[in-house]
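Have the sequence and the 3D view open as you read.

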Amino acid sequence: MIEKGAAAIFVGCALLSIIAVVAITAYMIIAGTPALKQVGITDILFGTIWSPSSANPQFGILYVILTSIIGTALAVLLGVPVGLLSAVFLSEIASEKWRKILKSAVELLAGIPSVIYGLLGIILICPAVYQIELAIYKNDPTHQFTGGANFISAVLVLTLMILPTLINITETSLKSVPMHYRTSSLALGATKIQTIFKVVIPTAKKGIMSAVVLGVGRAIGETMAILSVAGNSINLPLPFASVRFLTTAIASEMSYSEGLHRQVLFTIGLVLFVFIMIVNLVLSHMMKQGENNE
Amino acid sequence: MNSLYNKKVRYRDEVLKALIYLSSLLVFALVLMMIVFILVKALPYLNLAFFTTAKSTLKGTDGILSNMINTIYVIVVTLLIACPIGIGGAIYLSEYAKNQKFVEIISFALEVLSGIPSIIYGLFGMIFFGEKLGLGYSILNGSLTLSLMILPILTRNAQLALSNVPQSYREAARGIGAQKWYMIRTVLLPSAIPGILTGIILAMGRIVAESAVLIFTAGAGYFMPSSILGHILKSGGTLTVRLYFEMNNANYSAAFMIALLLVVVVLGMNALAKWIARRFDVNGG
């Protein structure tokens with residue numbers, strides 16, 4: 001009796017994860033679609049004007065979507081080289097002592113709450129970027145100065161935030177390359193660096209790719225770190241423009257929105273959710289392929 | 001030129017090596033700079049009253065005691081909800097599951113859950129637990145939502161810990177006539193405790209660091225609890241949420257003091273997780 005009951009309870013616990021995913025998906029669709037119908041899919045997704053509180057409200061989020069996509073892509077482009085090379089250091093070059101030191105640093109980087117990244121972004125990155133902005137646009141009266149809270153600052157903060165993901169997963173996949181690959185390559189006369197870049201990294205390609213995909217997922221979903229750093233008005237994602245990401249668009253207006261405006265914010269949530277699901281599907285597809293190849 | 005004694009210098013090797021060292025140095029320097037900066041900005045303002053009083057216009061105090069208490073509330077309630085479910089799910093996956101397809105679906109669901117960004121959890125918590133179930137902005141709402149978020153960490157770590165228990169333990173227990181649940185309870189779970197604990201500490205780290213979920217679900221309440229259990233149904237802002245609002249009001253000295261406290265907590269948890277791993281798992285299982 002107890003045995004049967006225990007088994008049933010455990011099945012229930014395991015089922016809960018599926019129920020949660022179904023419930024979240026269902027609720028995002030239920031909450032996100034009414035506005036799509038009311039405003040029109042093309043008007044929301046491809047409109048460029050966002051004026052939720054005017055007499056004739058418009059809810060175009062094209063710039064928001066572009067900001068998220070381009071910002072994520074840039075953060076990953078900046079992060080991958082640094083992340084890959086640091087992972088190479090951790091897995092192939094560092095002595096045990098230096099490995100431990102850098103590893104703890106990366107762990108701390110991963111553990112620091114995202115609001116603290118936001119805080120440091122405001123105090124450290126924004127003023128520095130503002131200096132550059134001042135220098136570039138000194139003689140341009142048409143430029144709207146952002147005080148450093150702009151697209152570049154947000155991308156830099158995002159890059160910093162995805163580094164731990166990139167480093168940790170890449171390191172794991174480099175470590176899983178069998179030792180005899182390295183010894184064979186060295187025995188053939190290749191140098192250590194040649195071995196790393198021509199043998200170890202190509203062998204670990206799958207794992208490195210999944211690190212990149214996970215980094216994309218993290219960057220596109222990050223909210224609190226970039227909420228105060230991105231400037232928070234809706235513009236094309238140009239380097240020195242004040243911008244809004246999908247995540248910050250939701251967070252910055254949710255507290256006071258109502259009616260159709262609020263529903264549109266849920267639609268933005270749905271768009272973000274669709275992006276994340278695509279990232280997840282790509283990732284699980286890659287993992288499956290990796291298994292089949294072994 | 002190219003002999004054992006006079007090796008050829010490969011410029012590409014040297015450049016790549018320099019880049020590797022430079023990247024690692026950059027990562028290390030960034031972390032160091034962040035910590036030093038937080039220390040420099042927070043230390044001059046540190047005072048005991050900040051940590052021992054709550055924010056109150058009536059008393060004229062502006063401390064974070066209530067936020068610290070809220071954080072502990074959120075951690076405890078979330079773990080109380082999520083641990084049984086996570087460990088139960090792990091027991092199923094590692095000991096009971098026979099249908100491979102079903103296991104794959106559950107693993108995929110866990111993967112999806114760990115990939116969902118916190119703001120989506122926040123929205124879901126707000127409309128489901130908050131509006132549908134009528135919990136409003138409350139610590140319970142925040143904890144229920146966070147439970148979903150940390151479920152993958154708990155389940156994966158527990159599953160890994162269980163699968164690291166040697167098969168011979170199971171055979172020995174079944175061999176002397178133990179039934180399955182009895183064996184799990186008396187043999188497997190005790191051996192898997194360090195791994196499960198590691199998962200719990202990692203989950204605690206996630207909870208302490210979380211803010212986007214909690215702003216939408218637990219709100220930003222800063223009152224001291226008036227009753228121990230009743231507080232669960234009240235709105236309660238954690239340390240990260242308070243930090244966010246102090247930052248928005250350009251009250252940077254308070255923001256940096258909270259940041260310092262959070263960094264210390266995160267460092268402590270990392271150290272604890274490592275200590276457990278070393279203490280109980282000397283040769284990697």
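First, some ground rules. This is a predicted model, where local features need pLDDT of at least 70, side-chain atom pairs count only at pLDDT 80 or more, and totals for chains, interfaces and linings use all residues. Residues are numbered from 1 along each chain as its sequence is written, while chains are lettered from A and ligands numbered from 1 in the order in which they are written.

For the complex, the predictor gives an ipTM of 0.92 and a pTM of 0.92. Each residue also gets a pLDDT, which is the predictor's confidence in it on a scale from 0 to 100. Here is how the chains score:

| Chain | Mean pLDDT | Residues at 70 or more |
|---|---|---|
| Chain A | 92 | 98% |
| Chain B | 91 | 96% |

Within chain A, helix 3 has the highest confidence, at 96, and helix 12 (residues 259-293) the lowest, at a mean of 88.

**Chain A**

Chain A holds 12 helices and two strands. Reading from the N terminus, the order is α-α-β-β-α-α-α-α-α-α-α-α-α-α. The C-alpha trace spans about 75 × 75 × 30 Å along its principal axes.

Of the 294 residues in chain A, 51% are buried. A residue counts as buried with 20 or more other C-beta atoms within 10 Å of its own, as exposed with 12 or fewer, and as partly exposed in between, with C-beta atoms placed from the backbone.

Now look at helix 4 (residues 96-111) of chain A: its 16 residues reach 22 Å from the first C-alpha to the last, close to the 22 Å expected at 1.5 Å a residue. (The expected span is 1.5 Å times one less than the number of residues.) Among its buried residues are Leu102(A), Val106(A) and Glu107(A). Their cover includes helix 3 (62-93) and helix 6 (151-175) of chain A, along with helix 1 (11-42), helix 8 (180-209) and helix 11 (252-280) of chain B.

**Where the chains meet**

How many residues of chain A are in contact with chain B? There are 66, and they meet 63 residues of chain B; contact means C-beta atoms, placed from the backbone, within 7 Å. Helix 1 (residues 2-39) of chain A gives the most to its side, with 19 residues.

The largest nonpolar core has 180 residues, and Val157(A), Ile268(A), Ile258(B) and Ala259(B) have the most contacts inside it. Such a core is a set of buried Ala, Val, Leu, Ile, Met, Phe, Trp, Tyr and Cys residues joined through C-beta atoms within 7 Å. Helix 6 of chain A gives the most to this core, with 15 residues. Leaving out residues up to four places away in sequence, Ala259(B) touches Ile116(A), Leu119(A), Ile38(B), Ala42(B) and Leu243(B).

**A spot in chain B**

Gly86(B) sits in helix 3 (residues 65-96) of chain B. Why is Gly86(B) classed as buried? Because 30 other C-beta atoms lie within 10 Å. Not counting residues up to four places away in sequence, Gly86(B) touches Leu151(B), Leu154(B), Thr155(B) and Ala158(B).

Conventions:
Two residues are in contact if their C-beta atoms, placed from the backbone, lie within 7 Å. Helices (H or I, at least four residues) and strands (E, at least two) are DSSP runs, numbered from the N terminus.
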